[in-house]
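Please read these notes alongside the sequence and the model.

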Amino acid sequence: MSELAIDWNHWTGRIRSYFDSTILERGWKYYRDGVVRAIETEGASVIKARVSGSRSYKVHLDLKAFSKSTCSCPYGATCKHMAAVLFKVAEQEGYDPKELRNPKQTSSKTQFEFDLSSKKAVKLPKETDSCEAWVAYFEKQYANSKIYNAFSLEELYMRAWGQLNKLADDWEPAIRGIYDIQVNLYLMKLCDALMQSKSGMYDFFYNAEYFFAKIAKHSRERLHTALWEINVEKAQTKYPGHLKEIGAYLAGFMDAEAFNSQRKWYDLYKLLWSELLNEKSLVTDELTRLRSIVAARRRESYGHEAAVMALAHFDMMSEEDENAWERVTQECLSIVPSDWFGYLNIFLQEEQGERLLKWLRWLGPEVQKNAAHYASDYLFFWQEASRYMDVEDEYRQAMVTLLPASYRDYSSFLFQKKEYKTWADLCLLLNLTPLQISAGELQLVEKADPRLILPIYHYAAEECIQAKNRDAYREAVKLLKKLAAAYKKLKQTSRFEAYIQYLVQEYSRYRAFQEELQKGKLLP
């Protein structure tokens, strides 16, 4: 540990801001339980360790670029295992881990180092404030933030999240959960606006998509955590005004042009209206708002499509699936299959088999329009449905309809059924050569019935010959040798010899090919 260079103010100020209070408390328990093992360092800024939880997890911390730190656990963000390692290393280096767990108030310069221009002193958010007041504070702190590269977008998000989250550490749980949700929505909106402002810079915008996806993933995880911990009934009863404000804030997302380019907003909308905001009066007001948008705006507008999708979500919540189909088919310019896969997953988890089948049948033609992109996910649901319902014939037909995009799925299906003849015909239909087919599959079919692979090798060999170059001729000879072995196994060597004589005559003008046949000892 002697090589590690620690700036304790950096740890308690900046690095600590990556963790919310709940994660720090869980990490503190892991640290106190002594489950941090095998700590190693690389240079002055990298820490590696193992932490024993439900299993052993690998932690990699980069103190210079902390957002690049990782843990092998499934949490997907700054986690309790990473916090436990920091506490343990602090102890070993002679610092008080309690200061990292609950640091003293830092100076305003450290607290908002990212920044930002000079700001006037403002009152911190209070438990009794409205969502509007919270957002006003967020705006004063971050609205003028500047980013200069795509990586700094994620840096801003993570730092701001840590700074804002800890302000509500001692609040009552229900209002704390609502506050966390508002923080998430504001920071997502801020980061999207910053990214869109750089859209004219191709390199920035191209790279920013990757970092924005990471931000959206982190935000989604935090929202799920907040919704899991919050008492929804209490929140709806005690804080109806705050929930109404959250709904209005979401409405701003769905009206924005960002809905078209960042359909993640729709995922957040569905999540919050399905769980936290699903209260009769709130839903009634939202439906009225959405219907007025659909009635008033042009079909081509972003706001119109967002409203249609939102109304379809409420149809789904009421199990009025046919209404959702009709609405989307008539009102949207296009149907994006991935927008509906989340619902299919819910049907699967809740064992709503008939409902799952209806949606799979409805989505089939839309998936077929862009099978290369959607076939794999779509067929996963068919496969799962076939495990507990008698729909094998429909599953097979779906795979056939989506060929060639469904080749891997259909191939695996045929091998499970030991339908090797159908598989061999499929390979010929798709013009697949042995180089494009799994060697294990070829060996399995050859072992079961060598006759089935003969047409595949015949086709592939002649394809190589017709490429008319030396390398292709060599590859043709390799294929012909495998073909010779197959004919020998079938005790039909004379047929192979006759085929070689046919090739010699058919391609007699291909001198290089004749030479490769001689080198391969396929000619006397």
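The points below take helix contacts and then salt bridges.

1. This is a predicted model, in which local features need pLDDT of at least 70 and side-chain atom pairs count only at pLDDT 80 or more, while totals for chains, interfaces and linings use all residues. Residues are numbered from 1 along each chain as its sequence is written, and side-chain values use heavy atoms, with hydrogens and water left out.

2. Helix α25 (residues 470–489) packs on helix α26 (residues 493–506) at about 150°, the axes being 8 Å apart. The two are therefore roughly antiparallel (an angle over 145 degrees). In contact (heavy atoms within 4.5 Å) are residues including Leu-480 and Tyr-487 of α25 and Phe-496 and Leu-503 of α26.

3. In helix α20 (residues 392–401), Tyr-395, Arg-396, Ala-398 and Met-399 are buried (under 20% relative accessible area, with exposed over 50% and partly exposed in between, for a 1.4 Å probe and protein chains only). These buried residues fall within an arc of 160° seen down the axis of α20, so they line one face. Their cover includes α19 (371–388) and α21 (407–416).

4. The structure holds 28 salt bridges (a side-chain nitrogen of Lys or Arg within 4 Å of a carboxyl oxygen of Asp or Glu). One of them joins Glu-441 and Arg-408, at 2.8 Å from N to O. Glu-441 lies in helix α23 (residues 439–448) and Arg-408 in helix α21, so the pair ties together parts 33 residues apart in sequence. Glu-441 is buried, at 11% relative accessibility, and Arg-408 is partly exposed, at 40%.

Methods:
Axes are lines fitted to C-alpha atoms, for helices over the stretch in contact, and angles run from 0 to 180 degrees between N-to-C directions. Helices (H or I, at least four residues) and strands (E, at least two) are DSSP runs, numbered from the N terminus. Angles under 35 degrees count as roughly parallel, over 145 as roughly antiparallel, 65 to 115 as roughly perpendicular and the rest as oblique. The arc is that of the directions from the helix axis to the C-beta atoms.
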